[in-house]
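Subject: Structure handover, cavity and pocket results

Hello,

Please find the structure below. My notes on its cavities and pockets follow.

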Amino acid sequence: MNKNGDDDYFDRLLSYFQSQFYERIIGLIPIRKSVFLLKTKKNTYIIKGYRTNSRLRLQEAFTTTLRREGFTKAYLFLAPPVKEQLFFEGTYFGCIEYIAPNKIDFSFHSQKNRLDGTELLNQFHNTTASFAARYRTLLPNGRLIEKWTERLHVFSTNIPFLGYFINEPFISEIVSWAKWSLAGMEKHQAFFKKEPVVILHGDVAHHNFLRDTLGQLHLIDFDLISIGPASMDYLQYANRILPFIDWSFERLASHKHIKKYLHERAFLFALAYPADIFREWNRMIREKSYNDPVKYKQVMDLTIGQFYARKKFIDHLKDLLD
């Protein structure tokens with residue numbers, strides 16, 4: 001969609017919200033696709049769009065259950081002061097309570113944030129373990145091996161195009177890491193089946209942790225929740241923080257909720273999988289965003305800038321697994 005198209009849609013959406021809210025709207029600010037900050041004379045809300053009403057209802061039910069079961073560090077959906085359910089041009093909109101953010105954004109650069117993130121994730125898993133059984137028919141199972149096999153397949157399909165950006169020795173090495181990782185995970189997959197199931201967050205990126213003005217950390221955005229062992233969230237978390245700790249196995253072990261898995265062969269094999277490289281390149285090629293110099297630089301740093309630190313980390317994993 002072009003810029004004018006975006007503006008036209010935004011103007012129509014604002015007009016629609018103004019027609020539906022009983023409170024007078026004084027501001028509507030886009031945050032990201034289908035997510036808006038809406039200010040009225042009395043309150044501030046987050047308005048989030050969903051493709052289907054059932055997806056919206058699931059999110060409402062899940063966050064309500066989460067709060068009822070004792071996890072208070074997440075948002076709730078609100079009953080907005082509107083004339084009827086918000087539905088505009090094929091999108092159902094939910095109204096989420098606004099958590100005022102700290103003036104310093106949460107990032108994985110700080111050791112305190114990295115440790116606080118795993119502690120919050122542990123609390124989340126402990127809470128969802130108590131009601132995961134109730135959501136078994138509503139949520140997909142977290143099938144990590146299948147998901148990563150498909151991600152490797154897409155990356156491999158993109159290799160002819162990737163050759164314009166990455167020299168061949170690097171591509172072959174990265175693919176070999178993935179194949180070695182998946183083979184080890186499949187051989188020891190019983191580990192992922194013996195661990196008790198929880199509801200997984202599924203997207204433990206830095207932008208889904210929000211520190212409020214009082215310093216309390218909150219977990220947000222539950223669009224990718226699924227059923228599976230807690231280790232799957234910690235694998236993703238480890239993959240997210242390793243670039244910030246110079247791919248150090250020792251520094252990774254300083255996170256007690258990750259350290260407990262570092263004697264498990266399946267987990268160690270999984271740590272070698274280049275999930276971030278595949279995710280970002282597959283997305284960049286799908287969205288044709290390689291012409292964006294900022295995105296291109298970030299992905300190249302992930303792939304080439306950190307290549308030798310990552311290789312040293314994976315070589316250490318191989319030594320441990322020999």
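α8 (231-241) and α11 (265-271) each contribute at least two residues to the lining of the largest cavity. Please keep in mind that this is a predicted model.

The volume of the largest cavity is about 50 Å³. Its lining consists of Trp148, Leu235, Ala238, Asn239, Leu242, Ala270, Leu271, Tyr273 and Ala275. With three residues, α8 gives the most to this lining. Sorted by class, the residues around the largest cavity are eight nonpolar and one polar, with no charged residues.

Open space

The second largest pocket holds about 620 Å³ of space. It is lined by 23 residues, and the closest to its centre are Ile31, Arg32, His207, Leu210 and Ile220.

Which element supplies the largest share of the lining of the second largest pocket? That is β8, with three residues. By class, the lining of this pocket has 14 nonpolar, three polar and six charged residues.

Regards

Key: Residues numbered from 1 in each chain as written. Predicted model: local features only at pLDDT ≥ 70, side-chain atom pairs only at ≥ 80, totals over all residues. Heavy atoms only, no water. 1 Å grid on protein atoms, 1.4 Å probe; cavity = no way out; pocket = protein on both sides within 12 Å on 5 of 7 lines; lining within 4 Å. Points joined across faces, edges and corners; volume = space filled by probe spheres on them. Helix = DSSP H or I, 4+ residues; strand = E, 2+ residues; numbered from the N terminus. Nonpolar A, V, L, I, M, F, W, Y, C, P; charged D, E, K, R; others polar.
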